[in-house]
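Subject: Structure handover

Hello,

Here is the structure I promised. Please open it alongside this message, as my notes follow it.

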Amino acid sequence: MKFYAVRHGRRPGIYTTWPACEAQVKRFPQADYKSFSTREQAESFLAGDRAADAPASSPAPATPVPAPTARGNAVQIWVDGSCLEQGDAPLKFGWAYVILDGERELRRGTGHAVPAGARQHRNVAAEIQAVLHALTWCRNHGITAATIYFDYQGLAAWARGDWKTNTPFTRSYAARMRAMGMQLTWHKVRAHSGDPRNDLVDHLAKEAARGATPRQRGTTRP
C-alpha cells in the first residue's frame with residue numbers, strides 16, 4: 001500500500017489512493033506532494049522533513065507513551081526556533097519542542113531542516129517546524145488537544161486566520177494546521193523573560209542550529 005502526502009494542495013493531508021491524491025493536486029498551482037511506503041514517512045513529509053533523510057528529532061521512547069491525564073486529553077507544547085548567521089556562509093536553522101502533561105515530560109524533539117522556500121522567514125520558519133513536528137507527534141499518539149506556548153505572534157495568527165498568508169510557506173503552514181484537526185489553545189510568552197521552559201526550548205533550538213552540518217542547512221528539498 002502507498003501513502004500519498006499532500007503538503008500543498010486543495011486539501012492537504014494523507015491519501016491512500018492516487019485518484020484521491022490527484023484530485024487535490026491536479027492543476028493546483030505549486031502543488032507539493034509525494035508518495036511513501038509507510039504512513040510514518042508521509043507524516044514526516046507533511047511536517048516538513050525530507051523523506052530520504054532520517055528524522056532529525058530525538059529518538060522516540062522505547063516504551064509506549066502514557067496517555068495524558070489532563071482534562072480533555074490536552075497537553076502543553078513549548079516551541080522555539082533559531083536562525084544563525086555566519087557571514088557569507090549559509091544560514092543555520094534549528095527548532096525544538098517539549099511536550100508536557102502537567103509536570104510530566106512526554107516528549108522533546110529537535111531538528112535543523114526547514115523547507116527550501118522558507119529561508120526568508122529565518123527563525124520563524126524554524127519555529128513553525130517545531131509546531132508541526134510536535135502536533136504530528138501528538139496526533140500519532142492519540143492526543144487531540146494542546147496548549148501551545150510560543151513567542152512569535154504569527155504562529156497563532158496564521159493558524160487561526162487572523163493574519164493574511166502572503167507567502168507559499170505561510171499558506172502551506174495554515175493549511176497543514178487546519179488539516180491537523182486538533183483543538184488548540186495558543187499562549188504567547190515573552191522571549192528571554194526567564195521562563196524556564198521557554199529558555200529550555202530556546203537553548204535546544206540554538207544547539208540544533210549550531211550542530212547543523214553544511215549538507216543539512218536550511219532545506220528539506222533539493
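Ser172 sits in helix H5 (helices are DSSP runs of H or I with at least four residues, strands are runs of E with at least two, and both are numbered from the N terminus). Ser172 is buried, at 6% relative accessibility (buried means under 20% relative accessible area, exposed over 50%, partly exposed in between, with a 1.4 Å probe and protein chains only). Beyond its neighbours within four places in sequence, Ser172 is in contact with Arg7 and His8 (contact means heavy atoms within 4.5 Å).

Two notes on the source. This is a predicted model, in which local features need pLDDT of at least 70 and side-chain atom pairs count only at pLDDT 80 or more, while totals for chains, interfaces and linings use all residues. Residues are numbered from 1 along each chain as its sequence is written, and side-chain values use heavy atoms, with hydrogens and water left out.

Next, the cores. A nonpolar core is a set of buried Ala, Val, Leu, Ile, Met, Phe, Trp, Tyr and Cys residues joined through side-chain atoms within 4.5 Å. The largest one has 38 residues. Ile77, Val79, Ile99, Val131, Leu155, Tyr173 and Trp186 have the most contacts inside it. Which elements give two or more residues to this core? They are strands E4 (74-86), E5 (89-101) and E7 (145-150), plus helices H3 (123-140), H4 (154-160) and H5 (168-180). H3 supplies the largest share, 11 residues. Another core, of 9 residues, lies apart from it, and Ala96, Leu100, Tyr149 and Leu204 are among its members.

Take Ile99 as an example. Neighbours within four places in sequence aside, its contacts are Val75, Gln76, Ile77, Arg104, Glu105, Leu106, Arg107, Ala134, Trp137 and Cys138.

Now the aromatic rings. Rings of Phe, Tyr and Trp (its six-membered ring) pair if their centres lie within 6.5 Å; planes under 30 degrees apart count as stacked, over 60 as edge-to-face and the rest as tilted. By this rule there are 8 aromatic pairs. Trp95 and Tyr97 form a stacked pair, 6.3 Å centre to centre with 5 degrees between the planes. Trp95 is buried at 0% relative accessibility, and Tyr97 is buried at 1%. Why is the pair of Tyr152 and Trp158 tilted? Their ring centres are 6.0 Å apart and their planes stand at 50 degrees, so the pair counts as tilted. Tyr152 is partly exposed at 30%, whereas Trp158 is buried at 8%. Ring pairs also link Tyr4, Trp18 and Tyr33 into a cluster.

Best wishes
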